[in-house]
Each structure stands twice: as structure tokens, then as C-alpha cells.
Amino acid sequence: MANAIRFLLGEEERALEGVSPTLTVLEYLRRHERRTGTKEGCAEGDCGACTVVLGEPDSDGGLKYRAVNACIQFVSVLNGRQLITVENLKGADGTLHPVQQALVDHHGSQCGFCTPGFVMQLYAGWLEGCLIDRQAVKDWLAGNLCRCTGYGPIVEAGLEAGTAPPPDNAAIAHAARRLAAFDDGSALHLVHDGQQVFAPRSADELAEIYATHPDAVLVAGATDVGLWVTKQHRRLATLIDLTSVKDLAIIEEDGGGLTIGALASHRDATDAFARLHPDLGELLRRFASIQIRNAGTIGGNIANGSPIGDLPPALIALDARLTLRRRQERREIPLEDFFIAYGKQDRAPGEFVESVYVPRLAADMRFACYKLSKRFDQDISALMGAFRVKQRDGRVEEARIAFGGMAAIPQRASAAEAALTGSLFDAPAIERAAGALAEDFSPLTDMRASAGYRLKAAQNLLRRFLFENSAGTRRAARVLEVA
Ligand SMILES: Cc1cc2nc3c(=O)[nH]c(=O)nc-3n(C[C@H](O)[C@H](O)[C@H](O)COP(=O)(O)OP(=O)(O)OC[C@H]3O[C@@H](n4cnc5c(N)ncnc54)[C@H](O)[C@@H]3O)c2cc1C
Ligand code: FES
Ligand code: FES
């Protein structure tokens with residue numbers, strides 16, 4: 001196994017050893033490289049000040065560039081990738097990059113603390129060709145906070161940056177070739193001061209390493225695990241970095257449904273989910289920020305067992321099935337059975353989430369999912385409701401209702417489902433089901449919402465589901481953003 005993290009920092013080669021596996025990319029840049037352009041605002045993935053761009057070899061001999069939050073990424077993620085920071089953007093003759101020039105021209109910076117993050121996020125948008133219109137730029141910047149310039153000038157700069165000439169593919173292919181030259185296909189094993197990280201290259205390798213080290217912490221997108229280190233100051237002895245396990249990142253669609261590998265990122269899975277149902281696409285648009293969706297994975301969102309994770313309620317309502325793997329043994333379970341109690345999931349030592357299978361909706365099914373949070377963008381749900389009904393001759397043959405934020409785990413509402421099953425899909429039946437939600441759940445009051453709000457809002461979501469889907473029509477009852 002390789003014992004150094006080999007990567008490109010801009011155009012410069014690096015081989016990093018003798019560092020803690022939980023050193024963050026941000027700390028590495030600021031303390032080891034003295035590249036202080038990348039800022040720390042929150043150290044929890046919320047503000048975007050630390051945004052950097054990672055380039056990962058793709059199957060076409062190029063690099064797939066994605067913006068991530070350096071503050072919650074550990075250094076092993078750099079292995080085999082190109083890291084671009086704000087210091088890399090200016091030309092050798094001092095010429096500003098078009099993104100930087102646009103921010104200057106539109107007065108998009110005052111105190112400047114947030115500016116490197118905006119520059120890098122817009123730079124990633126320019127690389128990906130995503131700054132196509134005002135709404136796209138606003139969505140693109142949902143994970144970047146600025147407290148003094150105001151977003152108007154920054155959005156104008158983003159729109160102008162989107163018109164700049166595209167990136168130089170020859171230079172990208174050259175960087176990809178340099179990365180390929182480092183790569184002998186071996187896994188990384190970095191040991192330092194009582195800590196170690198493995199970075200396997202395949203699911204088979206992962207299965208062996210995890211079965212041998214069942215106490216290791218699996219790190220996928222690190223959008224939860226990163227905060228265990230930066231906010232909870234936990235010392236993690238053994239980590240397994242999953243980011244190079246490409247065969248866990250599959251997204252396969254067929255007539256029956258969608259199979260998503262645990263390592264598929266939220267961003268990569270968005271289109272496939274949106275094809276299953278537009279509400280899933282909208283849910284992912286409102287899931288955190290682009291930077292978090294670039295790193296965070298479907299498997300991580302399930303495996304963390306959070307009662308307020310956004311995907312589990314939607315996937316439970318869709319009757320998704322989870323495949324778990326330990327060494328060569330696999331078992332498939334209904335997703336809802338994975339969540340046992342707060343912090344406790346049905347996962348044996350050395351067993352990991354391999355994939356989730358989501359069946360397509362049949363023609364006689366209606367589905368909706370709704371996220372309620374205090375902010376529209378970049379906010380965790382106070383409540384997440386998901387509904388699927390199958391009708392026959394106007395009656396509900398089967399109902400699947402699941403909520404997040406109503407219990408210690410993502411959970412089905414069995415009393416409400418029973419109240420609907422066999423009834424007409426109409427207002428009296430929905431009222432009975434709404435009443436039954438009080439039997440299903442005794443929600444908590446916390447900083448996101450009170451127990452009373454949660455119950456009332458859950459009942460109203462059920463009513464909204466009927467309103468939008470009754471009599472075979474689809475009527476949207478949504479608050480839509482005005483561009
Ligand atoms: C700023 C911010 C905003 C966020 N917004 C949202 C939001 O809007 N909605 C939401 O639902 N969540 C949100 N989250 C939480 C988080 O981004 C998601 O839960 C994400 O999907 C976690 O995935 P990950 O790959 O980053 O997991 P990691 O942090 O890598 O891992 C999370 C947990 O899952 C385990 N794990 C990971 N992969 C596997 C696997 N294959 N098998 C077994 N165990 C595994 C890890 O060991 C760990 O216990 C947010 C987080 C941040 C920091
Ligand atoms: S410092 Fe705020 S997102 Fe990283
Ligand atoms: S320019 Fe000051 S916080 Fe953004």
C-alpha cells in the first residue's frame with residue numbers, strides 16, 4: 001500500500017506523509033503551505049469561506065472539477081486529485097481570472113473575508129459551465145455567506161463570469177496525465193502518531209479492510225464526520241476513506257427502478273432522482289449547498305441514522321431496499337428496518353452500506369415529499385414528510401407515509417396509513433389520517449421547531465398531498481422562489 005498522499009496542488013506535485021489523517025485540507029493549506037487565501041469562517045461546511053476545487057480523473061482522460069468545503073475534508077481526499085485554491089487563479093503576469101475581474105467590476109467585495117470562497121465557488125461554476133442564468137447562479141451560491149456586500153453585485157458578477165471563454169481542455173488533460181502517472185492503483189495507508197487511514201480502491205478491498213478493522217470510522221463525503229473533528233474535537237484512531245472506491249459510486253436506472261451506490265454524491269444522483277419524481281429533484285436542490293452535495297453521499301445520509309436526514313423519509317415512502325455487505329456476504333432489507341433507535345442501526349461490525357434500490361412509481365401511484373426548514377437554502381429540515389398512495393377504483397389500496405423530524409428515527413406513520421387504506425382518497429379520509437398522526441408520533445421540541453408545530457405541520461403536509469393529487473390532477477401548492 002502507498003504511504004504518502006500524492007496530489008497536485010495547482011500545478012505543483014506533492015507527496016504528503018507524517019500528518020494526522022484527520023488534518024483538514026483547510027488546516028493543511030493554511031498551516032503547512034501558508035496558503036492563507038482560503039479562509040475559515042465556520043469550520044462546519046456552512047459558510048463557504050473555505051471553498052476549494054478538487055479535480056478528479058474521469059473516464060474521458062480529463063478531470064471532473066468540484067467545489068468542496070476545505071474545512072471539513074480530511075487530507076486523504078487529496079490522494080490522486082488536483083487541489084486548486086484561490087492562489088492558483090491569477091495568471092503568471094498578474095492578470096485576474098475572469099471570475100475575479102467580474103467581482104471587481106461589479107463591486108462584489110467589501111471586507112473581503114468571504115470573497116475567496118465566492119471566487120472559488122464561481123470559478124467551479126465557470127469550470128462546470130453552470131452559471132447560465134440568474135436562478136442557476138443563486139442556487140450555485142446557496143452555500144456562500146457574505147455579510148457586507150450583499151448578494152446583488154455578487155450574482156451580477158456570477159452572471160458575467162458565466163459568459164467568459166471556457167476552460168482550456170488541453171491544460172486539464174495534461175493535469176490528468178500527470179495524476180495518472182502517480183497512480184499505481186494501490187490503496188493508501190497513512191499512519192501517524194497513533195492514527196491511521198486506509199483509502200481502498202475497490203469495494204472488495206474495502207470489504208476486507210473493514211472486516212479486519214471493524215472499529216474503523218468510514219468516511220465518505222465527511223460532511224458529518226468532518227464535524228466530529230472540527231466541532232466535537234474527537235480523536236479518531238482508524239479511518240477508512242471511501243472516496244476512491246469507484247465501484248460504490250454507481251447510479252443505474254432500469255425499467256424497475258434506480259440502484260444508487262452508497263458513494264454516489266447527492267449532486268451526481270440528483271438527475272436520476274428527479275427522473276423518478278420531480279419532488280426528489282427539488283428536495284436535492286434544497287439539500288445543503290452545492291459544496292456539500294458534491295461531497296456528501298447517499299450512503300452517508302442513510303448510514304448516519306439521523307432523525308432529520310432528508311432522503312430516508314422519501315426513500316422509505318418509495319419502498320426502497322438497502323443492500324448491506326460484510327466481506328462477500330450481502331443482505332437486502334427494507335430501508336425502514338435499518339433504523340432501529342436513535343443512534344442505532346441494523347449494521348453488524350465490519351458491515352457497510354453498499355447500495356440502495358428505489359423502485360419506480362407505478363401509473364396508479366401518487367407521490368410527494370416536502371421539506372420544511374427555517375431557511376429555503378442550506379438548512380436542515382425541521383420536518384420532512386413523504387407520501388405514496390396506490391389507488392384502485394378510487395380507493396387507497398396501499399399507503400406509505402414517512403416522516404423525518406417527528407421521532408428519534410425516520411419513521412413510517414402506521415396509524416395514519418391504516419386510516420387511509422381501503423378508503424376513498426378524499427378529505428374525510430385525509431382528516432382521519434391527520435388525526436391518527438397524533439397516535440403515530442410524539443415529536444420533540446428543539447431549536448428547529450416545537451412539538452406542536454411539528455405535529456400541526458405534519459398534518460397540513462398530509463392535507464397538501466391530497467390537495468395536490470386528488471381527482472387525478474397535480475396541483476402544486478408550493479412557495480416558489482421569484483427569480
Ligand atoms: C452545512 C451542512 C448542511 C447539511 N445539510 C443537510 C441537509 O439539508 N439535509 C440532510 O439530510 N443532511 C444535511 N447535512 C448532513 C450531511 O451532509 C448528510 O447527511 C450527508 O449525506 C452525509 O454523507 P457523507 O458522505 O458526507 O457522510 P460522512 O460524514 O462521510 O459519514 C456519515 C456517517 O455515515 C457513515 N458512513 C458513510 N458511508 C457509509 C457506508 N457506505 N456504509 C456504512 N456507513 C457509512 C460514517 O461512518 C458516518 O457515521 C448537512 C451537513 C452540513 C455540514
Ligand atoms: S469555514 Fe465555513 S464552510 Fe468551511
Ligand atoms: S465581503 Fe465582507 S463578508 Fe463578504
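1. Two strands count as paired if DSSP finds at least two bridges between them. Helices (H or I, at least four residues) and strands (E, at least two) are DSSP runs, numbered from the N terminus. In this predicted model, strand β7 (residues 195–199) pairs with strand β9 (residues 238–241) in the parallel sense, over 3 bridges. Gln196 stands opposite Thr238 in β9.

2. Ground rules. The model is predicted, and local features need pLDDT of at least 70, side-chain atom pairs count only at pLDDT 80 or more, and totals for chains, interfaces and linings use all residues. Residues are numbered from 1 along each chain as its sequence is written, and side-chain values use heavy atoms, with hydrogens and water left out.

3. The sheet. It is open, has 4 strands in the order β6-β7-β9-β8, and its pairing is mixed. β6 (188–192) and β8 (217–219) are the edge strands, each pairing on one side only. From one strand to the next, the twist averages 20°.

4. Helix over the sheet. Helix α7 (residues 203–212) lies across β7, β8 and β9. It runs at about 170° to β9. Axes are lines fitted to C-alpha atoms, for helices over the stretch in contact, and angles run from 0 to 180 degrees between N-to-C directions.

5. Helix pair. Helix α9 (residues 266–276) packs with helix α10 (residues 278–285) at an angle of about 155°, with axes 6 Å apart. The two are therefore roughly antiparallel to each other (the term covers angles over 145 degrees). In contact (heavy atoms within 4.5 Å) are His266, Thr270, Phe273, Ala274 and Leu276 of α9 with Pro278, Leu280, Gly281 and Leu284 of α10. These residues divide into 6 nonpolar, 3 polar and no charged. Ala, Val, Leu, Ile, Met, Phe, Trp, Tyr, Cys and Pro count as nonpolar, Asp, Glu, Lys and Arg as charged, and the others, Gly among them, as polar.

6. Cavity. On a 1 Å grid over the protein atoms alone, a cavity is a set of points where a 1.4 Å probe fits but cannot get out; lining residues have an atom within 4 Å of a point. The structure holds 1 cavity of 30 Å³ or more. The largest cavity has a volume of about 60 Å³. Its lining includes Phe74, Val197, Val219, Leu239 and Asp241. By class, that lining has 7 nonpolar, 3 polar and 1 charged residues.

7. Pocket. A pocket is an open set with protein on both sides within 12 Å along at least five of seven lines. Of its 23 lining residues, Glu56, Lys64, Lys246, Asp268 and Asn294 lie nearest its centre. The lining divides into 10 nonpolar, 6 polar and 7 charged.

Key:
Chains lettered and ligands numbered in written order. Parallel < 35°, antiparallel > 145°, perpendicular 65-115°, else oblique. Points joined across faces, edges and corners; volume = space filled by probe spheres on them.
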